[in-house]
Amino acid sequence: MDCDILIIGAGIFGVSTAILQESQYWMSPPYPPPRAALTDTSKIVRADYTNPFYMEMAYEAMDAWANWPIFTKAGVFNRTGWLVFDYQDKDRSTRIRNCFRASSTEDVTVDFTWKDVNEKWPVELGQVKGEGLESSYSSPSPTWADASGSLKVMLDEAVRLGVRYEVGEVSRLVQGQNGIENLFTKDGRIFRAKKILLTTGAWTSQLMSPLEDELGFSDAERVESQLTAEGVPIVQFKLSKEEVEQYSRLPIIVYGSGGIFHHPFQTPLATALITQNRPIAPANEGEDFKIQHYRLLEYRDHGDRTYHYGSSRPGPIYRSDDLKEKHLGHIRMRLPQIIGDDRQVTWRACWESVRPDKDQLIARHPHPRLSNLYFAVGGSFHSWKFLPTIGIYVVNVLEEVGNGKERDQRWGWKTY
């Protein structure tokens with residue numbers, strides 16, 4: 001099968017690129033990837049960054065989330081607000097709020113204290129062990145979004161616009177005289193394209209490694225020099241009807257860098273300082289209450305090369321079973337009453353590609369023998385919110401149009 005541009009991967013970067021370029025693009029493997037970070041009940045869309053660059057990008061994306069007809073019709077985006085706790089020796093919340101105040105958008109954050117917490121949620125949060133934490137601020141801006149549902153809406157729209165969506169698992173990339181010549185799938189199909197875009201997330205190094213071995217690349221030339229694969233452990237608890245009513249009163253809660261607690265439905269920020277002027281969509285009995293906790297995960301051995309699924313930053317690398325226990329222990333500190341002997345618990349890991357500086361990799365491969373190979377990876381656990389708009393910038397790279405000095409520097413192939 002021949003095409004101008006072949007996108008490998010139907011995730012955030014791939015679908016966003018395809019829909020914005022419409023019928024010129026083909027897409028490959030299966031949707032949704034069962035272990036990818038996008039395969040989830042809910043995500044948070046927010047502009048709360050310490051970096052003005054990503055704050056402005058988030059505002060751009062949030063405008064699309066709120067106004068694109070495909071999202072409003074599907075009901076996948078609902079404003080909820082959140083409450084942020086920060087560690088006593090950290091200033092991240094202060095830097096976020098300073099960034100808001102320096103931006104072109106109104107700062108809607110308000111101070112929040114432990115006293116406010118105890119008064120508003122004495123039952124739900126009364127047992128929280130807050131050692132080392134202090135309340136910081138609340139905001140009505142962060143929003144709950146249906147993760148898998150949103151991506152499916154985009155994928156369906158891309159197909160409607162003429163994108164050809166092929167399902168299959170890539171087995172290998174074959175290099176020719178002028179770049180990647182062929183792509184083979186495990187079921188025996190061959191794809192050829194003038195340009196190939198990898199939007200393969202945590203599986204990028206696994207796909208690239210045989211080709212890099214064949215070309216004799218040094219460590220500095222390998223894609224692993226740009227990103228690693230990390231996992232987000234997620235625990236989901238089944239709620240009773242009474243618990244649904246109880247926990248639906250909670251906002252999204254952020255415990256510093258230690259975890260995020262949220263419900264997969266519209267959860268209002270229950271504070272008198274912020275007015276909710278529309279009815280709440282309640283959850284149903286038996287629905288999941290999600291708690292995610294950001295930590296490093298395990299490594300896996302792929303034959304003659306070992307890929308370390310974890311950050312290059314100093315810190316432990318856990319096996320799955322150990323991480324699960326550490327994760328549950330963290331939850332006992334922050335919401336102890338949610339864990340019980342008879343509670344139905346689902347635990348899994350979502351995988352993502354992460355760059356050391358948390359920027360994305362949106363660039364052509366720098367090696368001249370792979371001149372038709374492009375990357376849009378490195379979601380780094382914060383890029384999902386850019387689903388409607390990130391494809392704009394990927395298309396520019398594919399068309400050899402710059403995205404501006406700062407974006408090109410941030411998203412290019414770097415020396416770390």
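What share of the contacts in the protein with a separation of 6 or more comes from residues 24 or more positions apart? The figure is 76%, with contact taken as heavy atoms within 4.5 Å. The model is a predicted one, in which local features need pLDDT of at least 70 and side-chain atom pairs count only at pLDDT 80 or more, while totals for chains, interfaces and linings use all residues. Numbering runs from 1 along each chain as its sequence is written, and side-chain values use heavy atoms, with hydrogens and water left out.

On the overall count, the protein comes out with 11 helices and 21 strands; these are DSSP runs numbered from the N terminus, helices being H or I with at least four residues and strands E with at least two. Of the 416 residues, 56% are buried. Buried here means under 20% relative accessible area, exposed means over 50%, and partly exposed is in between, using a 1.4 Å probe and protein chains only.

At the start of α2, the backbone nitrogen of Phe53 has a side-chain oxygen of Asn51 within 2.8 Å. The buried residues of α2 include Phe53, Tyr54, Met55, Tyr59 and Trp65.

Helix α2 packs against helix α4 (residues 92-102) at an angle of about 65 degrees, the axes being 10 Å apart. Axes are lines fitted to C-alpha atoms, for helices over the stretch in contact, and angles run from 0 to 180 degrees between N-to-C directions. Pro52, Met55 and Tyr59 supply the α2 side of the contact, and Ile96, Cys99 and Phe100 the α4 side. That makes six nonpolar residues, no polar and no charged; Ala, Val, Leu, Ile, Met, Phe, Trp, Tyr, Cys and Pro count as nonpolar, Asp, Glu, Lys and Arg as charged, and the others, Gly among them, as polar.

Arg410 counts as buried because its relative accessible area is 17%. Leaving aside neighbours within four places in sequence, Arg410 is in contact with Asn51, Phe53, Tyr54, Arg355, Asp359 and Gln360. With Asp359 there is also a side-chain polar contact of 3.0 Å, the term being used for a pair of N or O atoms within 3.5 Å; within protein, one must be able to donate a hydrogen and the other to accept it, and residues adjacent in sequence count only if both atoms are side-chain atoms.

Most residues other than glycine have a negative phi. Lys358, however, has a positive phi of about 70 degrees and lies in the loop between β19 (345-354) and β20 (361-364); Lys358 is partly exposed, at 29%. Ser380, with a positive phi of about 55 degrees, is in the loop between β21 and α10 (390-398) and is buried, at 6%.

Strand β21 (residues 373-377) holds Leu373, which is buried because its relative accessibility is 0%. Not counting residues up to four places away in sequence, Leu373 touches Ile180, Ile196, Leu198, Met208, Arg364 and His365.
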